[in-house]
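Here is a short briefing for a first look at the structure below.

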Protein chains: 2
Amino acid sequence: MVNMVLRLIYNGFITKFLRLGSLINTALVFWNFYCIVSIMSVSIRDVALKAGVSLGTVSNAFNRPGALAPATLKKVQKAVAELGFVPNASARTLRAGKTRVLGLVVPDISNPFFTDLSKGVNDAVLAAGYVVILCNTDESSEKEDKYLDVLTSQNVQGILITPARDSYSNLKTITDRGIGLTLVDRIAVGLEACSVGVDDAQGGALALNHLTDLGHRKILLLTGAENIPQVAEREKGIKEAIRKSSASDRPNLQTIRVDAMAAHSAEETLTKYLETNPLDFTGVICGNDLVALGAIRALRAKGIDVPGEVSVIGYDDIDFAQSASVPLTSIAQPKYQLGFAAAQLAIEECENPTKHTHQRIEFQPQLIVRSSTSPVSKKSKGI
Amino acid sequence: MVNMVLRLIYNGFITKFLRLGSLINTALVFWNFYCIVSIMSVSIRDVALKAGVSLGTVSNAFNRPGALAPATLKKVQKAVAELGFVPNASARTLRAGKTRVLGLVVPDISNPFFTDLSKGVNDAVLAAGYVVILCNTDESSEKEDKYLDVLTSQNVQGILITPARDSYSNLKTITDRGIGLTLVDRIAVGLEACSVGVDDAQGGALALNHLTDLGHRKILLLTGAENIPQVAEREKGIKEAIRKSSASDRPNLQTIRVDAMAAHSAEETLTKYLETNPLDFTGVICGNDLVALGAIRALRAKGIDVPGEVSVIGYDDIDFAQSASVPLTSIAQPKYQLGFAAAQLAIEECENPTKHTHQRIEFQPQLIVRSSTSPVSKKSKGI
DNA sequence: CATATAAATTGAAACGTTTCAAGCGATTTC
DNA sequence: GAAATCGCTTGAAACGTTTCAATTTATATG
């Protein structure tokens, strides 16, 4: 009630009130009264008025409490508490330019890889008092652009992104705007940005060498579009490993690309391939674990045993890999840590934009052997 | 370059420039020049200037394009594109009082149920020009409270939440603050809020009846804490279904609760149980698919065949259910639609806060039979 | 006690939008 | 041909903060 009266006086309504004659006007004033009380929120002015200090002092009470005389600070805090004042983040942002909001842009949030990664980001970010806006682009560049616009307009201070494609043109706009950029699972080439990643070439090599060690020489690479950077990088690693193998016994590699790095897409693509082609491979290296699951479904549907006839190796080592119909051999990546580290870099840049120097953190992948790969069988030898 | 010069003129620097004498001043101007170009972002003013129209017109171009002459609109759009203008959400919010930001609070983003749900939310929200801040509470009430505070201070217009526990006390604060609230996968009892959910009692009944139809009479319910609303609701449905069955042939139900509704937790709990107890059930109804996967791992580790000796039924029908070691029988929920519908309700409330009436949308669950359940075997009959 | 210095407080000027009363031409109506 | 109407456009005011130069008050110094 005190609050309400204060507002009336503050808004100059009391003068109107004194001049009133008719009941209608009285009713009108009370209607205004009601509106003010129910719709207007408490602002820094109200606090200042109540505490008997100026606007700047209230602001200082929040932003540099040390600069205030202890008595003043106490007065202000009392008023804040009594009025239930919560600073308006928009006004604060508009003036100060700091939002404490980060954007995280990922190509596919259904992929547990990105879920785990996002958990790492969230934990790091929450600890620092920031928030994350999570954007899922479905591997579409258009959606990515749209989300980047949205994030820009939300004045996020930093953007963590796993770009859908290898073109960084839209990202330049971000850094030009002064928004901190951190590439996740990508290397920042020609870009003012930090980056966090895993040695994908090494991961590709691990996968290939595992299969060749098991005796496989006809290998299918079932992966995503060439312009997805880590797809390309792993492919490079695989080819490099092939080149390094002895010329007399060099494995043969063919590549099939799926539309989306998801189970259903992989299943469809491989099924279609098997319908029109003989089984001409004994090992499959998949773009990620979801693709591997789809591949296994397709193979099984054709009556091809995994790993009896064909070995399948995934990538990412998602949680499900061990519960899969055939527990999946995979290349593990430190997903959570990747996200956590990226968020820390991003926050560091936000807190310290001038002194900040861009850096790259690179993790190492690890081969996890389960049941989906086995030595090449006699039955398959003929392939 | 054009843009840069424009800004100089606009800021009145050109007059200063004309009056310059010394080199120092010239340098100063160029320094200012540099600052303006590199730090200031493109504002509605720049667009107005470039398009040769007023501020209001540019604003209208965004907010009521119909009110503009087509030629003017085109001019503005061209300027917007060329300058790469993105409206500043803070300023917009400050003036208009709308943030176009929603919060989504879920207990476990690693659970594909919530991933799919969040996709639905995101799609609905993006279409309406909103953004979502995604918060993952790890089923912890403390984290939930913390996130609700964060969202409040971010001035979100609405919060979509699947509360971790059955206490709604913290949610009352939200509605009191005038923030739209939408309960997801929960019923809003005694709360000013919309809600979207699935008939959980029906889902529980579906699961139980499926097992009893297959002849199972000793049933284990492996689920989460009692104070998780949908856990309780499904339990109610199960018990109701038992009560309805003929007295002579009534199934027996025992319950074990897991700490977290995740695979590893379920595996651990069931393993411990099997170590100290004989196998005294032939069917397991699980709190969700993740729990079911964990349960299957625990059973297999003990050499118990699924579904040969024990049938297992999950809940949610996550994408992975069909790729699981034993393709999972499950109760499907329209996850994506749930999220989509919830977001639509929330947005409707944001757009139309006065006229809005709270409502509940309820979907129906569906039994999906795969391989993890089978008729009770002779071997198991003795149990 | 006067002065210099330090500490605390003030308040006006941004920040980039939206809103809306007012203005301006062009067109229609009498 | 004057008046009324209509369709676009304009620009100042406001939203609630933060910032910072200026001012006041308190404290230390000679």
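A residue counts as near a strand if one of its heavy atoms lies within 4 Å of it. Of the DNA strand D atoms within 4 Å of the protein, 64% belong to sugar or phosphate and the rest to bases. This is a predicted model: local features need pLDDT of at least 70, side-chain atom pairs count only at pLDDT 80 or more, and totals for chains, interfaces and linings use all residues. Residues are numbered from 1 along each chain as its sequence is written, chains are lettered from A in the order in which they are written, and side-chain values use heavy atoms, without hydrogens and water.

**DNA strand D**
- 22 residues surround DNA strand D, and Ile44(A) and Thr57(B) are among the closest.
- The side chain of Thr57(B) has an N or O atom 2.7 Å from a phosphate oxygen of DNA strand D.
- For Asn63(A), a polar side-chain atom is 3.0 Å from a phosphate oxygen of DNA strand D.
- With four residues, α7(A) gives the most to the surface near DNA strand D.

**Chains A and B**
- 43 residues of chain A are in contact (heavy atoms within 4.5 Å) with 46 residues of chain B.
- Six salt bridges (a side-chain nitrogen of Lys or Arg within 4 Å of a carboxyl oxygen of Asp or Glu) are counted between chain A and chain B.
- In one salt bridge, Asp108(B) meets Lys119(A), at 3.9 Å from N to O.

Note on methods. A polar contact is a pair of N or O atoms within 3.5 Å; within protein, one must be able to donate a hydrogen and the other to accept it, and residues adjacent in sequence count only if both atoms are side-chain atoms. Helices (H or I, at least four residues) and strands (E, at least two) are DSSP runs, numbered from the N terminus.
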